[in-house]
Amino acid sequence: MPMNNLTLTHYQRLTKSIQFLKNRASFVSEKFTELACYPEVVREQAYINYCVSSATIPLLQETIRCAKLRPEDPLSQPLISYMERHIPEEEGHDTLSLDDFVRLGGCRENAIKRVPPSNIMAMIGSQYYLLRHNPVAFMGYLACLEVNHPTVEYVEKLIETSGLPAKGFSSLMLHATVDIHHKQEIIDTLNDLPLTEEAYKVVEMSAFQTYRYVALVMEDVCRVASTQEKTSA
């Protein structure tokens, strides 16, 4: 007999509701893996990783700030406690991502000065909007990006397909190993939160937005291959 929403944990319910968008993001990610033979495609993805990692700690800090504005909300203290524990775990990841971009042949100064792609700005910007509506929203973002982290096998396949130096994939390999432990903590934190139906819907919307833009961002990355094919021709 299939489980209904009353018998599902928050995370199980979320996984069930966003499966379609997750499948779309996974499909585009597989396409990226096929196109990793183009160095420019891999560098573009490394730049995207830099953009995302640069935004993580500011988003965690903003979640804490917004939660502190709602002291009467029973969600606030568990959120603050988790985000405060998570910030040190994210420190230095932006620098590592940028270093990888450079190791893969990118220009550090250009990466820092470059205006991020519009879909990255939309993905991050939508989180600021949602978490200011209700800071619990950020759990949906984390449940997508950090729970569904790259695997060691996936990173090794990228290295093999690209033929690029393995040291240029240090950030991805770190997430493939470290996020295994972060994953369960995020799931447990989400499941333990006293979510009302309204609060759950905010988390769900955050997850929808995240996977939607992950797919769009990865499509943008894959298009770099088309540019390179035209240049080669």
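In the predicted model, the contact of helix 3 with helix 5 (contact meaning heavy atoms within 4.5 Å) brings R43, A46, Y47, N49, Y50, S53 and S54 of helix 3 together with H93, D94, S97, L98 and F101 of helix 5. The residues of this contact divide into five nonpolar, five polar and two charged, where Ala, Val, Leu, Ile, Met, Phe, Trp, Tyr, Cys and Pro count as nonpolar, Asp, Glu, Lys and Arg as charged, and the others, Gly among them, as polar. Residues are numbered from 1 along each chain as its sequence is written. Local features need pLDDT of at least 70 and side-chain atom pairs pLDDT 80 or more, whereas totals for chains, interfaces and linings use all residues, and side-chain values rest on heavy atoms, with hydrogens and water left out.

The axes of helix 3 (residues 39-68) and helix 5 (residues 93-103) come within 8 Å and cross at roughly 165°, which makes helix 3 roughly antiparallel to helix 5 (angles over 145 degrees).

Three aromatic pairs are counted, a pair requiring ring centres of Phe, Tyr or Trp (its six-membered ring) within 6.5 Å, with planes under 30 degrees apart taken as stacked, over 60 as edge-to-face and the rest as tilted. Y47 and Y50 form a tilted pair, at 6.4 Å centre to centre and with 50° between the planes. Both of these tyrosines lie in helix 3, three residues apart, about one turn of the helix, and Y47 and Y50 are both buried (under 20% relative accessible area, 1.4 Å probe, protein chains only). Ring pairs link Y47, Y50 and F101 into a cluster.

Conventions: Axes fitted to C-alpha atoms, helices over the stretch in contact; angles between N-to-C directions. Helix = DSSP H or I, 4+ residues; strand = E, 2+ residues; numbered from the N terminus. Parallel < 35°, antiparallel > 145°, perpendicular 65-115°, else oblique. Buried < 20%, exposed > 50% of the residue type's maximum accessible area, 1.4 Å probe, protein only.
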